[in-house]
Amino acid sequence: MSPLGTAALALALVLLAVTLAGVGAQGTALEDPGYYGQEIWSREPYYTRQEPEPEPFSPLLPAGPGEKWEPRPQEPRPPKKATNPKKAPKREKSAPEPPLPGKNSNKKGMKTRSSEKAASDDHHVRAAHEDVRESCPPLGLETLKITDFQLHASTAKRYGLGAHRGRLNIQAGINENDFYDGAWCAGRNDLHQWIEVDARRLTRFTGVITQGRNSLWLSDWVTSYKVMVSNDSHTWVTVKNGSGDMIFQGNSEKEIPVLNELPVPMVARYIRVNPQSWFDNGSICMRMEILGCPLPDPNNYYHRRNEMTTTDDLDFKHHNYKEMRQLMKVVNEMCPNITRIYNIGKSHQGLKLYAVEISDHPGEHEVGEPEFHYIAGAHGNEVLGRELLLLLVQFLCQEYLARNARIVRLVEETRIHILPSLNPDGYEKAYEGGSELGGWSLGRWTHDGIDINNNFPDLNTLLWEAEDRQNIPRKVPNHYIAIPEWFLSENATVAAETRAVIAWMEKIPFVLGGNLQGGELVVAYPYDLVRSPWKTQEHTPTPDDHVFRWLAYSYASTHRLMTDARRRVCHTEDFQKEEGTVNGASWHTVAGSLNDFSYLHTNCFELSIYVGCDKYPHESQLPEEWENNRESLIVFMEQVHRGIKGLVRDSYGKGIPNAVISVEGVNHDIRTANDGDYWRLLNPGEYVVTAKAEGFTASTKNCMVGYDMGATRCDFTLSKTNMARIREIMEKFGKQPVSLPARRLKLRGRKRRQRG
């Protein structure tokens with residue numbers, strides 16, 4: 001080679017090295033995880049910070065180094081037999097590519113990855129430096145952060161199977177009607193169908209999670225697909241595997257989510273999934289979630305202004321059983337004077353059911369102070385409620401130490417009990433699957449397969465049958481209905497967790513409680529069981545329906561989204577007609593619910609609070625969910641101080657336990673606690689209230705309930721009946737009262753003998 005040619009070659013190599021170094025530096029600057037954390041969470045004004053220009057659109061190049069996204073670790077399971085992909089229609093000249101080697105159908109909770117070596121030198125060089133990849137969260141199809149307007153598809157069978165229904169874990173209605181079905185389904189089965197997401201800003205896409213159609217009657221899912229990205233929705237680049245288009249392995253059944261990571265992250269605004277094969281005798285139907293990290297956009301002020309932030313310094317993460325106990329211990333050490341940790345029993349697998357008590361005198365019931373509880377995790381896979389309660393425990397401790405007047409008053413005037421995980425066995429199963437790969441039901445039940453939410457005794461039927469028979473005297477009271485003997489037997493199908501809750505509620509005189517659930521965004525109040533046995537939905541109010549409606553609305557109206565008329569329904573039900581609340585039986589009938597049991601067996605008014613469409617949101621969503629629910633959690637607790645309260649005492653000033661408090665016009669009574677104190681939740685108004693107890697003369701008063709927070713004091717002093725006094729005197733002197741009719745007969749016989 002001539003010296004001139006050698007010099008030209010050397011110069012070209014130098015220029016190439018400089019160019020590659022510049023591109024690498026640009027990617028590294030944009031890849032700094034700390035930068036994105038600052039962009040989202042920093043409290044500094046945006047105009048005070050300098051931001052780099054967004055990276056030019058280059059979907060064929062990886063975005064740079066970062067952390068690798070990993071699901072929750074779990075034991076590998078044997079792979080299921082892969083379903084034969086559906087062949088392409090005959091009119092198509094090119095058949096879909098076969099799945100790549102090593103891309104078998106996903107196991108539950110597992111992800112798939114390509115084992116092929118990239119053919120291009122540029123890809124190969126960058127892959128060598130990608131030992132660790134960035135962890136990108138879901139864009140938010142399941143949580144509804146991605147709106148319906150951001151989802152598009154080539155065709156759809158009908159409106160209810162449009163692109164807006166192609167969200168991970170979305171549920172179909174029982175009838176699978178035209179408006180609310182369980183997936184996006186293409187109008188035709190061919191290779192030209194697609195569903196796409198508009199991220200509305202440059203995003204680093206890292207993976208795709210897919211499911212089949214949620215249906216009771218049909219089997220539809222996609223078995224393989226291609227992925228394409230675009231910056232303008234017109235020019236599309238297909239994700240490559242070497243020199244050819246990459247085929248991702250899809251689903252082998254319709255409910256278990258399957259994750260496929262992209263071989264290298266792709267930076268673009270749009271992402272499209274193009275099905276290549278589908279289940280035999282089925283249709284192209286899928287639900288999906290996209291993993292991606294939005295890139296900073298210094299020009300989009302409005303987008304940044306709408307980012308959810310929180311100023312609370314709390315532990316925003318998912319906690320397994322060990323971490324939950326450790327967190328409780330830390331809070332107890334921070335606030336030893338107002339917290340106590342105890343357990344109410346054990347799960348089927350022997351895990352203790354831990355509760356945190358928050359009170360100015362933890363460990364004791366103070367006369368006149370109402371008791372409140374929150375419960376979460378009855379369904380182990382409904383994780384958001386669990387984390388919200390752990391955040392609430394931290395928040396109450398911190399705000400009490402900061403002397404927040406509202407929190408101090410709440411802690412000093414209320415005995416609060418928080419049980420974050422009623423079904424820890426089920427949670428551990430869901431935790432193994434992870435927030436996106438656990439599916440809709442993994443971990444829902446206890447270890448022995450029981451749904452705690454409807455495992456309580458059915459006391460409704462006992463009450464209603466007695467009312468229909470019009471028993472005189474009534475054999476079944478309108479409150480404190482006894483648990484049937486069969487339910488108490490060891491052979492009854494009752495979870496250990498259920499028995500623990502029952503014993504807990506019988507021991508502590510709870511006044512108000514909320515059990516946090518997931519999968520919807522609504523507050524449900526009793527009754528949960530329909531009164532007409534042939535119906536599955538029927539409005540079935542309690543005698544305290546007006547109070548329950550207020551309690552439900554107090555939570556829903558202070559939640560950031562529940563009463564927002566513009567928000568999209570989670571699955572199939574629109575609860576806006578009742579302002580984010582619903583009577584449980586009018587939604588779907590449930591026999592043996594915790595709400596109905598609490599109302600009919602104890603003094604506690606219990607409601608079910610469904611805190612989010614996504615049962616198990618990604619960790620990155622927890623700060624936003626906390627902001628959505630924080631005020632509601634506090635306001636609902638404060639409602640325990642609404643209505644009337646007081647003491648029922650005898651003439652000596654001693655409290656009378658188990659005295660009955662009746663309100664005229666409300667066919668549901670409550671009873672006093674061991675010290676004679678009581679609390680009766682009532683809406684504002686004037687009420688005629690009667691207190692009565694066995695051996696005492698009943699007493700009646702007019703009690704006024706105002707609109708201001710704080711229960712009205714309404715005390716009663718009961719006098720003993722004459723017969724009770726006689727019995728008391730006789731017992732004092734060791735004698736029994738004499739039966740008067742027998743005494744008269746004896747005197748008459750004596751007079752006859754004297755005359756004779």
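Two strands are taken to pair if DSSP finds at least two bridges between them. Helices (H or I, at least four residues) and strands (E, at least two) are DSSP runs, numbered from the N terminus. The model described here is predicted, so that local features need pLDDT of at least 70 and side-chain atom pairs count only at pLDDT 80 or more, while totals for chains, interfaces and linings use all residues. Residues are numbered from 1 along each chain as its sequence is written, and side-chain values use heavy atoms, with hydrogens and water left out.

Strand S24 (residues 685-692) pairs with strand S25 (residues 699-705) in the antiparallel sense over seven bridges. Within this pairing, Val689 has Lys701 in S25 as its bridge partner. Six residues lie between the two strands of the hairpin, and Gly695 in the turn has a positive phi of about 90°.

The next element is an open sheet of eight strands with mixed pairing, in the order S12-S13-S15-S14-S16-S19-S17-S18. Its edges are strand S12 (339-346) and strand S18 (581-583), each of which pairs on one side only. From one strand to the next, the twist averages 25°; angles run from 0 to 180 degrees between N-to-C directions, and axes are lines fitted to C-alpha atoms, for helices over the stretch in contact. Inside the sheet, strand S14 (residues 371-376) and strand S16 (residues 510-517) run parallel and are joined by six bridges. Ile375 has Asn515 in S16 as its bridge partner.

Salt bridges (a side-chain nitrogen of Lys or Arg within 4 Å of a carboxyl oxygen of Asp or Glu) number 31 in the structure. One of them joins the side chains of Asp312 and Arg630 (2.4 Å, N to O). This pair links distant parts of the chain, 318 residues apart: Asp312 is in the loop between helix H4 (301-305) and H5, and Arg630 is in helix H15 (residues 622-638). Burial is judged by relative accessible area: buried means under 20%, exposed over 50%, and partly exposed in between (1.4 Å probe, protein chains only). Asp312 counts as buried because its relative accessibility is 14%, whereas Arg630, at 22%, counts as partly exposed.

A further salt bridge brings together the side chains of Arg680 and Asp544 (2.9 Å, N to O). Arg680 belongs to strand S23 (residues 677-680) and Asp544 to the loop between strand S17 (520-525) and helix H12 (545-556), 136 residues apart. Both Arg680 and Asp544 are buried.
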